[in-house]
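Please look over the sequence and the structure shown below before reading the report.

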Amino acid sequence: MKKWSRRMSDCIFCKIAAKEIPATIVYEDGDVLVFMDIGPIIKGHALVIPKKHYDPVTQTPDDVLAKLHLVAKRIAQAQMNALGADGVNIMQNNGTAAGQEVPHIHIHVIPRFSDDGHHWNWNAKKYDDFDEMAELAGKLRKHL
């Protein structure tokens with residue numbers, strides 16, 4: 001696993017945080033930057049990032065994760081108040097297998113409207129039985 005560094009010279013989000021490339025900024029403080037996603041799922045889609053480079057989520061300090069989520073909560077409320085969103089999706093993709101395209105931890109805050117036409121391709125699976133589910137839960141518990 002890669003260890004985080006203060007800044008990754010080839011990371012586009014680090015370049016945005018350093019103001020080397022432009023972004024439409026929604027919010028900024030000493031640790032966190034929020035900017036509009038240039039490829040929004042729904043217009044108003046924002047990204048919440050730490051200014052320092054961290055990746056993956058399992059190597060990101062707990063206090064950084066907490067702050068990212070607190071800011072995401074504020075952005076979600078702003079989307080509901082300012083845009084009239086009926087709800088929001090708050091998500092964090094971790095790793096390429098999960099759809100993460102930029103290897104810098106970030107949280108998507110996506111405003112949702114009852115008539116926005118977007119649907120997640122969620123194809124829910126089933127366990128063979130409760131024993132299978134219990135076995136997997138046991139494996140997880142051993143690694144907590």
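## The model

This is a predicted model, in which local features need pLDDT of at least 70 and side-chain atom pairs count only at pLDDT 80 or more, while totals for chains, interfaces and linings use all residues. Residues are numbered from 1 along each chain as its sequence is written, and side-chain values use heavy atoms, with hydrogens and water left out.

## Cysteines

The structure has zero disulfides, a disulfide being a pair of cysteine sulfur atoms within 2.5 Å. The sulfur of Cys11 has its closest cysteine sulfur in Cys14, at 3.8 Å, which is too far for a bond. Cys14 is accordingly in no disulfide.

Cys11 is buried, with a relative accessible area of 6%. Cys14 is also buried, at 2%. Buried means under 20% relative accessible area, exposed over 50%, and partly exposed in between, using a 1.4 Å probe and protein chains only.

## The largest pocket

The largest pocket holds about 440 Å³ of space. A pocket is an open set of points on a 1 Å grid over the protein atoms alone, where a 1.4 Å probe fits and protein lies on both sides within 12 Å along at least five of seven lines; lining residues have an atom within 4 Å of a point. Grid points are joined across faces, edges and corners, and the volume is the space filled by probe spheres set on the points.

The lining has 22 residues, and those closest to the pocket centre are Phe13, Asp37, Leu47, Val102 and His108. By class, 13 lining residues are nonpolar, seven are polar and two are charged. Here Ala, Val, Leu, Ile, Met, Phe, Trp, Tyr, Cys and Pro count as nonpolar, Asp, Glu, Lys and Arg as charged, and the others, Gly among them, as polar. Helix H1 (12-17) and strand S2 (32-36) each supply at least two lining residues, and H1 gives the most, with three. Helices (H or I, at least four residues) and strands (E, at least two) are DSSP runs numbered from the N terminus.

## Strand S3

Strand S3 spans residues 46-50, and five of its five residues are buried. In a regular strand the side chains alternate between the two faces of the sheet. In S3, Ala46, Val48 and Pro50 point one way, and Leu47 and Ile49 the other way.

S3 runs antiparallel to S2, with five bridges joining them; Leu33 has Ile49 of S3 as its bridge partner. S3 also pairs with strand S5 (residues 107-112) in the antiparallel sense, over three bridges, and there Ala46 has Val109 of S5 as its bridge partner. Two strands pair if DSSP finds at least two bridges between them.
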